[in-house]
Amino acid sequence: MPQNKAQRALLIASLLSAAGLVLPYANWLLLPVQYLNTHIHEFCHAFAAIATGGRVEDIHVYAAGNGETLLGGGWAVVIGSAGYVGATIFGGLMVAVSRTEKGARVMLQFLGVLLAISMALWVRGDWMGVGSGAFWVLTAIIVAAKAKDMALIVTAQFIGIQQCLSALQSLWVLLRINAYPGIENDAAILEKSTRIPAMAWAILWSVISLGVLWASFRQGWSGSSKAPGESPFADQ
């Protein structure tokens, strides 16, 4: 895809995302994206637990948009940090890689497979969590198979940008929550195990997430001089 079209796709996705944050009641329209963010957030906790020698019992995603992962063992620092930071990294990858048609299709397929694995192995309980997970598995696979050209790129980058913004919005809420001790959250759990203040963890995750967002936008905005459909990372 020519560079100007790739940049235009990213701009369109960014404007749609920004409108969703400021327009009255638009957050209700973007509620499915909040569920997606929660699914990925909890999956990152689960993956970090498995990667550090722990085990995962269940993942729950609730109708209110929040979630929890029941697990045991593993490295608490990695597991606790994986939720917010991992969700932002995933969104950043979608923005950066989806600047071409091939890259967008690969990222949507990857999203569908990742969620399908999570649904099969861990997601249990609340009907909204199960339903929203199934919705996104089908959506990602169908869009990857049917959409083409600009529609495919805009869709993938829109999901990626929304994923980043949802993660950052959750981090902002986390910062506010940790101004009042006693409320259970990822940062508070790490404070108990490391004695490092919860606010310090929340700030660290926010800084890392902002860096990831900046890097992904820089990569996504750079466009590509390669032929249509060719991955921007094919020569790496």
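In this predicted model, helix α4 meets helix α8 through A76, V77, G80, S81 and Y84 on the α4 side, while α8 brings D186, L190, S193 and T194 to the contact. Sorted by class, the residues of this contact come out as four nonpolar, four polar and one charged. The two helices, α4 at residues 76-97 and α8 at residues 186-194, pack at an angle of about 165 degrees, with axes 10 Å apart. Angles over 145 degrees count as roughly antiparallel, so α4 is roughly antiparallel to α8. As for handedness, α4 passes α8 in a left-handed crossing.

| Pair | Angle | Axis distance |
|---|---|---|
| α4 and α8 | about 165 degrees | 10 Å |
| α4 and α5 | about 155 degrees | 8 Å |
| α3 and α4 | about 135 degrees | 7 Å |

Take α5 next, which spans residues 101-121. With an angle of about 155 degrees to α5, α4 again ends up roughly antiparallel to its partner. On α4, the residues involved are F90, L93, M94 and V97; they meet G103, A104, M107, L108, F110, L111 and L114 of α5. Ten of the residues in this contact are nonpolar, one is polar and none is charged.

Then there's α3, residues 31-51. Its angle to α4 is about 135 degrees, which makes α3 oblique to α4. The crossing of this pair is right-handed. From α3 come N37, I40, H41, C44, H45, A48 and A49, and facing them in α4 are V78, I79, G80, A82, G83, Y84, G86, A87 and F90. That contact holds ten nonpolar residues and six polar ones, with no charged residue.

A few α4 residues turn up in two of these contacts. G80 and Y84 are listed for α8 and also for α3, while F90 is listed for α5 and also for α3.

Now for the core. The largest nonpolar core has 38 residues, and those with the most contacts inside it are L36, I40, M94, L108, L111, L115 and I159. The biggest contributor is α3, with nine residues.

Over in α6 (residues 127-146) sits G131. With a relative accessible area of 38%, G131 is partly exposed. Between G131 and M119 there are 10.0 Å, C-alpha to C-alpha, for a sequence separation of twelve residues.

Stepping back to the whole chain, there are nine helices and two strands, in the order α-α-α-β-β-α-α-α-α-α-α from the N terminus on. Of the 236 residues, 48% are buried. Among contacts with a separation of 6 or more, 72% are between residues 24 or more positions apart.

Note on methods. Residues are numbered from 1 along each chain as its sequence is written. This is a predicted model: local features need pLDDT of at least 70, side-chain atom pairs count only at pLDDT 80 or more; totals for chains, interfaces and linings use all residues. Side-chain values use heavy atoms; hydrogens and water are left out. Axes are lines fitted to C-alpha atoms, for helices over the stretch in contact, and angles run from 0 to 180 degrees between N-to-C directions. Helices (H or I, at least four residues) and strands (E, at least two) are DSSP runs, numbered from the N terminus. Angles under 35 degrees count as roughly parallel, over 145 as roughly antiparallel, 65 to 115 as roughly perpendicular and the rest as oblique. A crossing is left-handed if the near helix is turned anticlockwise from the far one by less than a right angle, and right-handed if clockwise. Contact means heavy atoms within 4.5 Å. Ala, Val, Leu, Ile, Met, Phe, Trp, Tyr, Cys and Pro count as nonpolar, Asp, Glu, Lys and Arg as charged, and the others, Gly among them, as polar. Buried means under 20% relative accessible area, exposed over 50%, partly exposed in between (1.4 Å probe, protein chains only). A nonpolar core is a set of buried Ala, Val, Leu, Ile, Met, Phe, Trp, Tyr and Cys residues joined through side-chain atoms within 4.5 Å.
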